[in-house]
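Please look over the sequence and the model shown here. The paragraphs that follow lead through the structure one part at a time.

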Amino acid sequence: MKGDKENTRPKDRRVELKCEDGEKTEKSVKEAMTKIVIRRLPPSLTKEDLEEQLQPLPEVDYLEFFANDTSLYPHLFARAYINFKNQEDIMLFRDRFDGYVFIDGRGQEYPAIVEFAPFQKTAKRRSKKKDAKSGTIDDEPPLCWTS
């Protein structure tokens, strides 16, 4: 099966190395997969509820929660992406939460699926810096067009 967890491999990355004699050589380095996705979470689940249920959570540097998307009816599931700092923590987390049954407020059961995220990069945090030119369009002098 194409999406099978056991068949996923880390991507190769080419790295240029400088030798002592000044020569450059290329070497292939495997990147470790550290980002996972938890799928099929209850639609009514919030990020706070998820963090509470995942305790004790190993050391992570990225946790992003996406609530259900009503345009995908009847597949109204939430999902979460987690990037672990230690590779060893991933298998322990998967063993604990793959197939874990989350129960919503109405008593419905949602067995979760834990797998490696197809896209391993994490989103960059956007800066909170305000744009210096924001709101200054009224201060601009009018343009004069001559023909």
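Predicted model: local features only at pLDDT ≥ 70, side-chain atom pairs only at ≥ 80, totals over all residues.

Helix α2 covers residues 88-97, and its buried residues are D89, I90, F93 and F97. These four lie on the same side of α2, because they cover an arc of only 100° around the axis. An α-helix has 3.6 residues a turn, so residues three or four places apart point the same way. What do the buried residues of α2 pack against? Their partners are β3, α1 (47-53), β5 and β8 (113-116).

R94 also belongs to helix α2. With a relative accessibility of 23%, R94 counts as partly exposed, because buried means under 20% and exposed means over 50%. R94 and E115 are 21 residues apart in sequence, while their C-alpha atoms are 7.6 Å apart in space. Just after α2 comes G99, which takes a positive phi of about 90°.

**The whole chain**

The helix can now be placed among the other elements. The protein has 2 helices and 8 strands. Read from the N terminus, the order of the elements is β-β-β-α-β-β-α-β-β-β. Of its 147 residues, 22% count as buried. Among contacts in the protein with a separation of 6 or more, 56% are between residues 24 or more positions apart.

**The nonpolar core**

How many residues does the largest nonpolar core have? The core has 20 residues, and those with the most contacts inside it are I36, I38, L41, L50, I82 and F93. At least two residues of this core come from each of β3, β4, β5, α2 and β8. The largest share, 4 residues, is supplied by β5. F93 is also one of the buried residues of α2.

With neighbours within four places in sequence left aside, I36 is in contact with A80, Y81, I82, F84, I90, F93, V114, E115, F116 and A117. Two of the residues on that list, I90 and F93, are buried residues of α2.

The phi of R40 is near 65°, a positive value in a residue other than glycine. R40 is partly exposed, with a relative accessible area of 39%, because that value falls between the limits of 20% for buried and 50% for exposed.

R40 is one of the residues that line the second largest pocket. Rolling a probe the size of a water molecule over the atoms shows where empty space is left. The second largest pocket has a volume of about 150 Å³. Along with R40, its lining includes R39, D69, L72, H75, F77, A78 and R79. Which strands each supply at least two residues of this lining? They are β3 (35-41) and β5 (78-84). By type, the lining residues divide into 3 nonpolar, 1 polar and 4 charged.

**Two prolines in loops**

The loop between β3 and α1 contains P43. At 22% relative accessibility, P43 counts as partly exposed. Apart from its neighbours within four places in sequence, P43 is in contact with N68, L76 and Y110. Between the C-alpha atoms of P43 and F66, which are 23 residues apart along the chain, the separation is 9.8 Å.

The other proline, P56, has its place in the loop between α1 and β4 (60-66). What kind of peptide bond joins Q55 and P56? The bond is cis, with an omega of about -5°.

Conventions: Residues numbered from 1 in each chain as written. Heavy atoms only, no water. 1 Å grid on protein atoms, 1.4 Å probe; cavity = no way out; pocket = protein on both sides within 12 Å on 5 of 7 lines; lining within 4 Å. Points joined across faces, edges and corners; volume = space filled by probe spheres on them. Nonpolar A, V, L, I, M, F, W, Y, C, P; charged D, E, K, R; others polar. Buried < 20%, exposed > 50% of the residue type's maximum accessible area, 1.4 Å probe, protein only. Arc of directions from axis to C-beta. Contact = heavy atoms within 4.5 Å. Core = buried A, V, L, I, M, F, W, Y, C linked by side-chain atoms within 4.5 Å.
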